[in-house]
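New notebook page. I opened the model and looked up a few things, starting with a loop.

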Amino acid sequence: LNAGDYLMGICFREVHAATRAENEPMFLDLFDEMYKKVTFGQHLDISFENQSSVTTADYLGMISGKTVALLRGAMQLGAVAARADAAVIRAIRDAGKKVGIAFQLQDDLLGIWGKVDDFGKSISSDITTKKMTFPILYGVENSAEFAEFWAAYDGNADQVGKVADRLEAIGAHEATAARVIEESTAARKILTDTLAQNEGGTDAQADRIAMLEIVDKLMTRDR
């Protein structure tokens with residue numbers, strides 16, 4: 001907790017320094033908004049642990065205040081730093097939201113079906129802690145049988161494979177992967193259409209390519 005507070009102090013110091021150096025108050029506005037949304041999103045995430053009923057809409061709202069807020073905010077800050085106009089900043093914000101959703105849903109996929117050596121963390125903890133991720137919620141909302149099974153599941157690690165198999169059988173893996181592609185594709189289109197309006201020379205072209213490559217990797221990352 002103390003380390004986190006210290007790191008946040010460093011972040012605020014750097015944002016204030018950038019604001020002064022660039023004479024751009026929007027840096028502070030965007031950072032403050034991002035910080036507020038992430039904090040409230042974390043509160044929602046924790047509160048879900050004690051709720052008997054969480055919907056997909058609830059979940060998407062929660063991640064909009066965590067992963068989505070971080071990625072959307074970072075992309076907006078980049079657009080502001082590049083002196084983009086208001087229309088471009090709004091478009092980057094829209095793309096950032098979709099990038100954030102795609103990133104989190106891919107994380108949810110890997111948290112159930114990923115390979116532990118690639119993912120870098122336990123792929124069973126989302127199940128054994130009964131975390132309400134997108135695939136789990138898909139299963140609960142689309143299969144009464146799975147909903148009953150999940151309600152009775154006690155977090156037994158020996159049944160992790162059984163949970164994953166049941167989810168895959170009712171289409172949770174396919175539905176989550178499809179949503180990742182949908183959000184990533186939409187983000188890529190926004191970025192392509194928006195950035196194409198700004199020529200900017202060779203360096204700008206390289207930056208555009210790099211940004212689109214990041215979005216593409218979201219759909220195939222395994223860690």
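Entry 1. I began with Asn23, which lies in the loop between α1 (2-22) and α2 (26-48). Helices here are DSSP runs of H or I with at least four residues, strands are runs of E with at least two, and both are numbered from the N terminus. The phi of Asn23 is near 50 degrees, a positive value in a residue that isn't glycine. Most residues other than glycine have a negative phi. Asn23 counts as exposed because its relative accessibility is 65%. My cut-offs are under 20% relative accessible area for buried, over 50% for exposed and in between for partly exposed, with a 1.4 Å probe and protein chains only.

Housekeeping. This is a predicted model, so I note that local features need pLDDT of at least 70 and side-chain atom pairs count only at pLDDT 80 or more, while totals for chains, interfaces and linings use all residues. Residues are numbered from 1 along each chain as its sequence is written, and side-chain values use heavy atoms, leaving out hydrogens and water.

Entry 2. I then checked Lys130, in the loop between α7 (125-128) and α8. Lys130 isn't a glycine either, yet has a positive phi of about 55 degrees. At 27% relative accessibility, Lys130 counts as partly exposed.

Entry 3. At what angle do α5 and α8 pack? I get about 80 degrees for helix α5 (residues 86-113) and helix α8 (residues 134-142), with the axes 8 Å apart. The axes are lines fitted to C-alpha atoms over the stretch in contact, and angles run from 0 to 180 degrees between N-to-C directions. The pair is therefore roughly perpendicular, a label for 65 to 115 degrees. From α5, Leu105, Asp108, Ile112 and Trp113 make the contact (heavy atoms within 4.5 Å), and from α8 it's Phe134, Pro135 and Ile136. I sorted the contact residues into six nonpolar, no polar and one charged. For that, Ala, Val, Leu, Ile, Met, Phe, Trp, Tyr, Cys and Pro count as nonpolar, Asp, Glu, Lys and Arg as charged, and the others, Gly among them, as polar.

Entry 4. Is Arg208 buried or exposed? Arg208 sits in helix α12 (residues 201-218) and counts as buried, at 16% relative accessibility.

Entry 5. Last, the whole protein. I count 12 helices and zero strands. The C-alpha trace spans about 55 × 40 × 30 Å along its principal axes. Of the 223 residues, 38% count as buried.

Terms used: Parallel < 35°, antiparallel > 145°, perpendicular 65-115°, else oblique.
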